[in-house]
Amino acid sequence: MTLNDVGWGYCPGCTHSQLHALIAELFDQQGWNERAVGVAGFGCSSEMQRYFPFKVIQAPPGQAPSVATGIKRSFPDKMVFTYQGDGDLASRGLDVLMHAAARGESITVLCLNNLVMAGSGGQMSPTTLTGQVTTSTRLGRSAARSGKPVKLAEMVAKMPEVAFSQRVALHEPQAVQRAKLALRDAFLYQENGQGLSFIEVLGWCPPYWDCTPLQAREQLKHRILKRFPLGIYQNVGLRK
Ligand code: SF4
């Protein structure tokens with residue numbers, strides 16, 4: 001499967017592009033293209049509808065896991081996934097995700113966490129680092145006023161019916177390989193009906209981080225991974 005040739009709408013160096021390519025490659029290799037249904041979150045991630053050559057449905061803000069639940073329950077043979085940013089998933093939609101996780105819905109939830117509400121103008125999101133400057137925190141996020149950043153992969157892993165929860169990143173070739181394996185496993189859990197699978201993909205947003213893509217990658221390596229360690233936070237074991 002190749003992505004649709006419609007001209008790229010993401011900013012240069014945006015990690016959405018990398019993640020799209022990984023998903024496309026995986027679905028192609030696994031032969032899942034005919035069965036795939038994507039549910040787009042609100043924000044930059046809603047752009048995905050233009051690029052994937054399978055059905056992608058736009059969910060209302062924060063509601064992607066509910067929409068995915070309805071599709072999966074109606075069409076259990078489909079490979080259903082949500083594709084959301086941290087603003088959509090962790091702010092407006094955190095309760096929706098946690099309830100889907102508690103119910104153990106057989107869906108895969110993907111979150112590109114770039115630590116900012118990029119789609120609405122670069123405001124602070126629940127995962128913004130303490131001290132990080134955004135368009136709504138000009139002096140940096142204050143822990144006293146806004147609390148500390150939410151750790152999604154760890155939080156989702158605590159829900160009883162979650163089969164798999166992992167945080168990955170796309171900043172170097174080995175990390176990309178690990179991300180691809182994590183994506184594969186997440187979809188295999190769905191295939192087996194073992195519960196909700198969740199992947200948090202750490203990414204970057206050069207325009208709203210006010211830096212170049214290369215500088216963003218360095219920030220991720222040297223600053224962000226300290227707060228958001230990569231790893232598997234839940235893994236019940238794939239049934240063969
Ligand atoms: S604003 Fe940020 S997240 Fe949105 S397309 Fe540009 S780089 Fe990507």
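Helices here are DSSP runs of H or I with at least four residues, strands are E runs of at least two, and both are numbered from the N terminus.

The model is predicted, so I kept to its limits: local features need pLDDT of at least 70, side-chain atom pairs count only at pLDDT 80 or more, and totals for chains, interfaces and linings use all residues. Residues are numbered from 1 along each chain as its sequence is written.

**Helix 1.** I looked up its buried residues (20 or more other C-beta atoms within 10 Å; exposed means 12 or fewer, partly exposed in between). They are T15, H16, L19, H20, L22, I23 and F27. The face turned away carries exposed D28 and Q29. The buried residues pack against strand 1 (36-40), strand 4 (108-113), helix 7 (173-192) and strand 6 (196-202). Just after helix 1, G31 takes a positive phi of about 70°.

**P61.** I found P61 in the loop between strand 2 (55-58) and helix 2 (64-74). P61 is partly exposed, with 18 other C-beta atoms within 10 Å. Leaving aside neighbours within four places in sequence, P61 is in contact with F42, D88 and R92. Contact means C-beta atoms, placed from the backbone, within 7 Å. P61 and R92 are 31 residues apart in sequence, yet 6.6 Å apart C-alpha to C-alpha.

Definitions and conventions: Contact = placed C-beta atoms within 7 Å.
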